[in-house]
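I set out to record what I looked up in this structure. The entries follow in the order in which I made them.

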Amino acid sequence: MPEYSRSFAQKLAKTAKLVAADGLMDPEAKRTVLYLSLLSTEISLKAMLEKAGMPISGIRQRSHDLAGLLCDVSRCEIEVQITADTKMYVAASRLRAYTLTFALSESTVGEVIDIASKQASAYPSAIRYGEIPHHYPPELVAQMAIEVAAFAKEHWQDIRIAPYPDLPSGKPP
């Protein structure tokens, strides 16, 4: 039985999206969407790492560090269709470039996670407790959770730890 559930992460993301669609006038609704979205993202990343073959102890060491977890996923590789009859493994770091759109601006999964880890309210404690969290718009964070969960689902059967994870190609020099 896996430690981290991809389907649980997906349900959290869908729930965050439903709460956001219901309206975010109440500050606690914003907090709820942020928390569910970030939790979903954390579990999706951990589930991918577990599926790729990373030891549970290594995953647990990251705790709630989304930037660190995304870095670990970026060292994995996924299989993609290159031509109609050709597939190849590429760096899973492409998840970082998934585009997120809110209002008239665009961001990426990587930007949201990296910048939020330095400049936003600390996840999870400052999101759950205390004053109103300072973070990206909840709708954008919910969209990120949906995208990360979809990436996990799409690459569930082919994600693996890259043989040479510190090289962009994953191949020996």
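**Entry 1**

I began with Met48, which touches Val73, Leu95, Val148, Phe151, Ala152, Trp156 and Ile159, not counting residues up to four places away in sequence; contact here means heavy atoms within 4.5 Å. The model is predicted, so local features need pLDDT of at least 70 and side-chain atom pairs count only at pLDDT 80 or more, while totals for chains, interfaces and linings use all residues. Residues are numbered from 1 along each chain as its sequence is written, and side-chain values use heavy atoms, with hydrogens and water left out.

I then looked up the largest nonpolar core, which has 46 residues; Leu45, Met48, Leu95 and Met144 have the most contacts inside it. Such a core is a set of buried Ala, Val, Leu, Ile, Met, Phe, Trp, Tyr and Cys residues joined through side-chain atoms within 4.5 Å. Helix H2 (27-52) is among the elements that each supply at least two residues of this core, and H2 gives the largest share, 12 residues. Helices and strands are DSSP runs numbered from the N terminus (helices H or I, at least four residues; strands E, at least two).

**Entry 1: Confidence**

I noted a mean pLDDT of 91 for the protein, with 94% of its residues at 70 or more; pLDDT is the predictor's confidence in each residue, from 0 to 100. Confidence is lowest in helix H6 (residues 125-128), at a mean of 88, and highest in helix H7 (residues 138-154), at 97.

Thr108 lies in strand S4 (residues 105-108) and, leaving out residues up to four places away in sequence, touches Arg96, Ala97, Tyr98, Thr99 and Leu100.

Thr101 belongs to strand S3 (residues 99-102). I recorded Thr101 as partly exposed, because its relative accessibility is 40%. Apart from neighbours within four places in sequence, Thr101 is in contact with Glu106, Leu140 and Gln143. From Thr101 to Ala29 I noted 72 residues in sequence and 20 Å in space, C-alpha to C-alpha.

Notes: Buried means under 20% relative accessible area, exposed over 50%, partly exposed in between (1.4 Å probe, protein chains only).
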